[in-house]
Amino acid sequence: MSNADNQEPILSKAGSSTHILKFLKNERWQWWFLVALNIIFLVVGQAVAVLLGRFYYDQGGNSKWMATLVQTAAFPVLFIPLFLIPSSNNSSTSSTAPSITLLLSIYFFLGVLLAGDNMLYSTGLLYLSASTYSLICATQLAFNAVFSYFLNSQKFTILVLNSVIVLSLSASLVAVNDDSERPSGVSDGKYILGILCTLAASAIYSLLLSLMQLSFQKVLKRETFRVVLEMQIYTAFVATCASIIGLFASGEWKTLHGEMESFGKGSSSYVMTLVWTAIAWQVCSVGVVGLVFVVSSLFSNVISTLSLAVTPIASVIVFHDKMNGVKVIAMLMAIWGFVSYIYQNYLDDVKMRRRQSDVTESQNNSLC
């Protein structure tokens, strides 16, 4: 028998508790790092994308399908991190991998759903100011709470319920506010249409996140960031194809050249606006799907809501949007709802660490 066979296990009886606790501590640190990184991607990406989208319309852009297309068209940039991340060669996961037909069906369905959702968002942003649009989008958390409950077995607590109610009331305040500023030339009918489209888009977006999380849990069953990137790339590819079809089928492609020539800041600014909008949406998408993977779809939606609460402040600075008392109250309520959910997540994390510590102690006692 070799010396290696006579060696004691790495976790000896005397030091098992110390090693396990150190491992768990490192694991939690990595988890929080991923959460923080994805939050930055989502908040910054979404805020920049919404502001650039409003800038596109303000400077003379009028193509809803082009605004829809740029939300997914930059998906090829995601191949860079995909190639940098090594693929897993674990045979245990490959034996339970879903069929190609099932994967293609999932990507196609989610991609078409994403394209329709992006179109609704583009329509809403066309008829609403950036601040009003962002605050109404906060209703996605209430929709997601319902979908997460039925599809992802998400448990409700007092703090989560408080977060959902407060955020819903925040968006409702903006929707019924008669003093809300709207883009020039937007009639009452179009303004209401913008609100309805934004509400519908928020509902579909919440459903999309819950379905993605369900796919990770029930179908893909592989907890790697590579799987998250693949999900984002393939669904964005389908959504981009659907948007291109819509652009040509609607005939809006014929007006793009004239739109570029008459753009308020010039042709080069027109191109750069579309390019950076596309990149910002992909940065946001990485954060969204990453948070769905690392935490949950409900948490991802809460962070999206935080970004939507930050965007009105940026729109006031950039576009000089009117920020009346109702919008200020709505924004403060949105932040309150976000803090409520973050605190609930902190309590869940503390409870899980205590449970892990109890398991470690019991294992250590059994070894002694």
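Visitor: Hi! Which elements each supply at least two residues of the lining of the largest cavity?
Guide: Those are α2, α6, α10 (188–220) and α13 (267–294). Helices here are DSSP runs of H or I with at least four residues, strands are E runs of at least two, and both are numbered from the N terminus. A cavity is a set of points on a 1 Å grid over the protein atoms alone where a 1.4 Å probe fits but cannot get out, and lining residues have an atom within 4 Å of a point.

Visitor: Before we go on, what kind of model is this?
Guide: This is a predicted model, in which local features need pLDDT of at least 70 and side-chain atom pairs count only at pLDDT 80 or more, while totals for chains, interfaces and linings use all residues. Residues are numbered from 1 along each chain as its sequence is written, and side-chain values use heavy atoms, with hydrogens and water left out.

Visitor: Good. How much space lies in the largest cavity?
Guide: About 340 Å³. A volume is the space filled by probe spheres set on the grid points, which are joined across faces, edges and corners.

Visitor: And which residues lie nearest its centre?
Guide: Leu 114, Asn 118, Tyr 205, Trp 281 and Ser 285, out of 23 lining residues. Helix α13 gives the most to that lining, with six residues.

Visitor: How does that lining divide by class?
Guide: Into 14 nonpolar, eight polar and one charged. Ala, Val, Leu, Ile, Met, Phe, Trp, Tyr, Cys and Pro count as nonpolar, Asp, Glu, Lys and Arg as charged, and the others, Gly among them, as polar.

Visitor: How many cavities of 30 Å³ or more are there?
Guide: The whole structure has two.

Visitor: What about open space: how much lies in the largest pocket?
Guide: About 1100 Å³. A pocket is an open set of grid points with protein on both sides within 12 Å along at least five of seven lines. Its lining has 28 residues, with Val 294, Val 295, Ser 296, Asn 345 and Met 352 closest to the centre. Helix α15 provides the largest share, eight residues, and the classes are 10 nonpolar, nine polar and nine charged.

Visitor: Changing topic, how many salt bridges does the search find?
Guide: Two in the whole structure, where a salt bridge is a side-chain nitrogen of Lys or Arg within 4 Å of a carboxyl oxygen of Asp or Glu. One pairs Asp 58 with Arg 54, whose closest N and O atoms are 2.9 Å apart. The other joins Arg 226 and Glu 230, at 3.6 Å.

Visitor: Where do Asp 58 and Arg 54 sit in helix α2?
Guide: They are four residues apart in α2 (residues 16–58), so about one helical turn separates them. Arg 226 and Glu 230 are likewise four residues apart, in helix α11 (residues 225–250).

Visitor: Is Arg 54 buried or exposed?
Guide: Buried, with a relative accessible area of 4%, whereas Asp 58 is partly exposed at 40%. Buried means under 20% relative accessible area, exposed over 50%, and partly exposed in between, using a 1.4 Å probe and protein chains only. Glu 230 is buried too, at 16%.

Visitor: How many residues are in the largest nonpolar core?
Guide: There are 76, and those with the most contacts inside it include Tyr 56, Leu 110, Phe 216 and Met 231. Helix α6 (residues 100–127) gives the most to this core, with 12 residues. Such a core is a set of buried Ala, Val, Leu, Ile, Met, Phe, Trp, Tyr and Cys residues joined through side-chain atoms within 4.5 Å.

Visitor: What does Met 231 contact?
Guide: Tyr 107, Leu 110, Met 212, Ser 215, Phe 216 and Leu 220, leaving aside neighbours within four places in sequence. Contact means heavy atoms within 4.5 Å.

Visitor: Last one: where is Ser 243 found?
Guide: In helix α11, buried with a relative accessible area of 0%. Not counting residues up to four places away in sequence, Ser 243 touches Trp 65, Thr 68, Leu 69 and Ala 115.
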